[in-house]
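Q: I would like to learn how to read side-chain contacts in a model. Could we go through them one kind at a time?

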Amino acid sequence: MFDFRPAPDCPKPEAYRQLVDAADALTSGEPDPVANMANVAALLWDFLPDLNWAGFYRMIEGELVLGPFMGRPACIRIPLGKGVCGVAAGDAATQLVEDVHAFPGHIACDSETNSELVVPVIRGGDVVAVIDLDSPLKARFDEEDREGIEALAALIAERI
């Protein structure tokens, strides 16, 4: 049995350090990328409060395709450059969006989502996936979240 949850009063940078350590422990030596994404999605769901979706979109034949996640059913395919995930993948750059309703071309997979953080997972210079976090709260994500999820993406880049 695994129990990786941080203490409720844990400072955010420490919680992200623990999240990366837990992801490392769960994915180290496991060659199956889907299994690794599934476990990381579950960790994100357990570690981060105020989410309504946490998971992956995988880059397959030039578009994003839904991968392992926690939350409500989601859009299956997202073209590059469309929505927050498609922009993050197309630009190979993190997107931290305080209000998704103000984001040009936002794709509303869940009407309850108000803010989003999408971090590309880059391997060998290519985007292989994105980590997508959605929240019903506006401005849920900040620079500490960005840094923490970017560290996670760097860790798992060779494992998914």
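The dialogue below takes up salt bridges and then aromatic pairs.

Q: How many salt bridges does a search of the whole structure find?
A: As a general idea, side chains of opposite charge can pair when their charged atoms come close. In this predicted model, a search of the whole structure finds 12 salt bridges.

Q: Which parts of the chain does the salt bridge between Lys12 and Asp142 tie together?
A: The closest N and O atoms of Lys12 and Asp142 are 3.0 Å apart. Because Lys12 belongs to helix α1 (residues 12-27) and Asp142 to the loop between β6 (126-135) and α4 (143-156), the pair ties together parts that are 130 residues apart in sequence. Lys12 is partly exposed, at a relative accessible area of 25%, and Asp142 is likewise partly exposed, at 30%.

Q: Is Asp145, which also meets Lys12 in a salt bridge, buried or exposed?
A: The side chains of Asp145 and Lys12 meet at 3.0 Å, N to O; with Asp145 in helix α4 and Lys12 in helix α1, this pair therefore ties together parts that are 133 residues apart in sequence. Asp145 counts as buried, its relative accessibility being 1%.

Q: How should I read the salt bridge of Arg17 with Asp21?
A: Here the closest N and O atoms are 2.5 Å apart, and the two residues are separated by about one helical turn because they are four residues apart in helix α1. Both partners are partly exposed, Arg17 with a relative accessible area of 41% and Asp21 with 40%.

Q: What are the ring distance and plane angle for Trp53 and Phe69?
A: Their ring centres lie 5.0 Å apart and their planes stand at 15°, so this pair is stacked. The pair links distant parts of the chain, with Trp53 in strand β1 (residues 53-60) and Phe69 in strand β2 (residues 63-71), 16 residues apart. Phe69 is partly exposed, with a relative accessible area of 27%.

Conventions: Residues are numbered from 1 along each chain as its sequence is written. This is a predicted model: local features need pLDDT of at least 70, side-chain atom pairs count only at pLDDT 80 or more; totals for chains, interfaces and linings use all residues. Side-chain values use heavy atoms; hydrogens and water are left out. A salt bridge is a side-chain nitrogen of Lys or Arg within 4 Å of a carboxyl oxygen of Asp or Glu. Buried means under 20% relative accessible area, exposed over 50%, partly exposed in between (1.4 Å probe, protein chains only). Rings of Phe, Tyr and Trp (its six-membered ring) pair if their centres lie within 6.5 Å; planes under 30 degrees apart count as stacked, over 60 as edge-to-face and the rest as tilted.
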